[in-house]
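New notebook page. I want to get my bearings in this structure, going from one residue out to its surroundings.

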Amino acid sequence: MVEESPSGQAVMRVDDVLLSRDERGTWLIDLKVRSAGGDRSLQIPIGKHRAIDRLAWELRRSESPS
């Protein structure tokens, strides 16, 4: 759903977001937006990001049993 912010800028509400990493280490953002006309999806490659790599590593480490 696209809305307008108080300052007049476009704002899009996203229902589902998935970050995935391909075999080359490039991160992709998968967006899914529901609308009256049906679901829309978009995949955006954002490149390699050490901050996302670090967060993924920390989350895996915290979720694995010791």
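I started with Val17, which is exposed, with a relative accessible area of 53% (buried means under 20%, exposed over 50%, partly exposed in between, with a 1.4 Å probe and protein chains only). Before going on, I noted that this is a predicted model, where local features need pLDDT of at least 70, side-chain atom pairs count only at pLDDT 80 or more, and totals for chains, interfaces and linings use all residues. Residues are numbered from 1 along each chain as its sequence is written, and side-chain values use heavy atoms, leaving out hydrogens and water.

Where does Val17 lie? I found Val17 in strand 3 (strands are DSSP runs of E, at least two residues, and helices runs of H or I, at least four, numbered from the N terminus). Opposite Val17 stands Leu31 in strand 4.

Next, the pairing. Strand 3 and strand 4 (residues 27-33) run antiparallel, joined by six bridges; two strands pair if DSSP finds at least two bridges between them. I also looked up Arg21, whose bridge partner in strand 4 is Trp27. The hairpin of these strands has five residues between them, and Gly25 there takes a positive phi near 90 degrees.

Then I stepped back to the open sheet, where three strands follow the order 3-4-5 with antiparallel pairing. Strand 3 (16-21) and strand 5 (40-47) stand at the edges with a single partner strand each, so one side of each has no neighbour in the sheet.
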